[in-house]
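Trainee: I have just opened this one and would like to walk through it with you. Could we take it slowly?

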Amino acid sequence: MLFTRESVPNSTLVHPHELQGVTKARVCDFDDMVLRVVKWHPPPLGITSTYSELAASRLGQLIQAPVVRGTVVHVDPAQLPAELANQAAQPFHVGFTYSPGDDFRPEDYNKIENTPALPAAAVQLAWLQIADQEGHNQYLYQLEHVLPDKTTRKMSHFIIIDQAAIGGAHDWSNEDLQPGAPYSLPPHLKERVSMEDAKPVLEDVMSLGEEEIVSCFGSYPDGWGIEDHHVDKVTEFILQRRDHLGDVLSNNLL
């Protein structure tokens, strides 16, 4: 797919506050009236991390995992503050729908409304072998809407964020991805998801067509430096990982 400024949301404002973390992410306004957190490309964590986050979001949607929807966005370099001007010289990045909230803590489980999505979260993390999830990078999304009839709708959801480290590495371009590698789910998630809970999601993963999975990796801007051999490498890993996923989950869940 050819990405152009006309085919994706365009930023109208880059907010000055830098979000916590090494990615220097910023909240931006866009011309489709959606507020998004933008992860810059090329990223400081290595060439594949932004690409991985975009693909992981797409894969998560296939199995209804609690992930934030990501999309390619255009940010005019003229809008960037000086400290980002060199890092984000090309204009296409990844934007994730802004979800107000806080880092998730185990004591927050009694607040969330999307408990049925927890098995899909566990399967998502184990399938993609997402690293850097030990005690952080799960998020408590909290929002209150006032609806047209003046009633109030409160939402409180568990969300997986920061899925850059597919295969256990933020930059896997030169890594030996191992489909059969073991994986440790966050302890607090293991305590609340059983293997019986995970089985229907595992079946969903196994029933996905190869073309559905490959399509999650095949669409990205030309200027990202992602080449065909990168795409082949990661899709082969994700497809082969399915053969080991049942054992990986069994080693984590009771």
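Trainee: By class, which residues does the lining of the largest cavity have?

Mentor: By class, that lining has five nonpolar, three polar and two charged residues, where Ala, Val, Leu, Ile, Met, Phe, Trp, Tyr, Cys and Pro count as nonpolar, Asp, Glu, Lys and Arg as charged, and the others, Gly among them, as polar. Before we go on, please keep in mind that this is a predicted model, in which local features need pLDDT of at least 70 and side-chain atom pairs count only at pLDDT 80 or more, while totals for chains, interfaces and linings use all residues. Residues are numbered from 1 along each chain as its sequence is written, and side-chain values use heavy atoms, with hydrogens and water left out.

Trainee: What volume does the largest cavity have?

Mentor: The largest cavity has a volume of about 50 Å³, and the count comes to one cavity of 30 Å³ or more. On a 1 Å grid over the protein atoms alone, a cavity is a set of points where a 1.4 Å probe fits but cannot get out, whereas a pocket is an open set with protein on both sides within 12 Å along at least five of seven lines; lining residues have an atom within 4 Å of a point. Grid points are joined across faces, edges and corners, and a volume is the space filled by probe spheres set on the points.

Trainee: And which element gives the largest share of that cavity's lining?

Mentor: The largest share, three residues, comes from helix 1; helices (H or I, at least four residues) and strands (E, at least two) are DSSP runs, numbered from the N terminus. Among the residues lining the cavity are Lys39, Trp40, Glu53 and Ala164.

Trainee: Is Glu53 buried or exposed?

Mentor: Glu53, which sits in helix 1, is buried because its relative accessible area is 8%, with buried meaning under 20% relative accessible area, exposed over 50% and partly exposed in between (1.4 Å probe, protein chains only).

Trainee: Which residues is Glu53 in contact with, leaving aside its neighbours within four places in sequence?

Mentor: With those neighbours left aside, Glu53 is in contact (heavy atoms within 4.5 Å) with Lys39, Phe96, Asp162, Gln163 and Ala164. Glu53 and Ala164 are 111 residues apart in sequence, yet their C-alpha atoms are 4.7 Å apart in space.

Trainee: You mentioned Asp162, so where is its place?

Mentor: Asp162 is in the loop between strand 8 (152–160) and helix 4 (187–190), and its phi is near 55°, a positive value in a residue other than glycine. Asp162 counts as partly exposed because its relative accessible area is 29%.

Trainee: What about Gln64, which has a positive phi too?

Mentor: Gln64 has a phi of about 55° although it is not a glycine, and its place is in the loop between helix 1 and strand 4 (70–74). At 67% relative accessibility, Gln64 counts as exposed.

Trainee: Switching topic, where is the cis peptide bond?

Mentor: The cis peptide bond joins His41 and Pro42, with omega about 5°, and Pro42 lies in the loop between strand 3 (36–39) and helix 1 (49–62).

Trainee: Now the pockets: what is the volume of the largest one?

Mentor: The largest pocket has a volume of about 890 Å³. Its lining has 31 residues, of which Gln20, Lys39, Asn137, Ile161 and Asp162 lie nearest its centre, and strand 6 gives the most to that lining, with three residues.

Trainee: How much space lies in the second largest pocket?

Mentor: About 280 Å³ lies there. Of the 16 residues that line this second largest pocket, the closest to its centre are Pro66, Val67, Val68, His157 and Ile159, and the largest share of the lining, four residues, comes from strand 8.

Trainee: What is the order of the strands in the open sheet of three?

Mentor: That open sheet has the order 6-7-8, with antiparallel pairing, and two strands pair if DSSP finds at least two bridges between them. The edge strands are strand 6 (101–103) and strand 8, each of which pairs on one side only. Nine bridges join strand 7 (residues 138–146) to strand 8, and the bridge partner of Tyr141 is His157 in strand 8.
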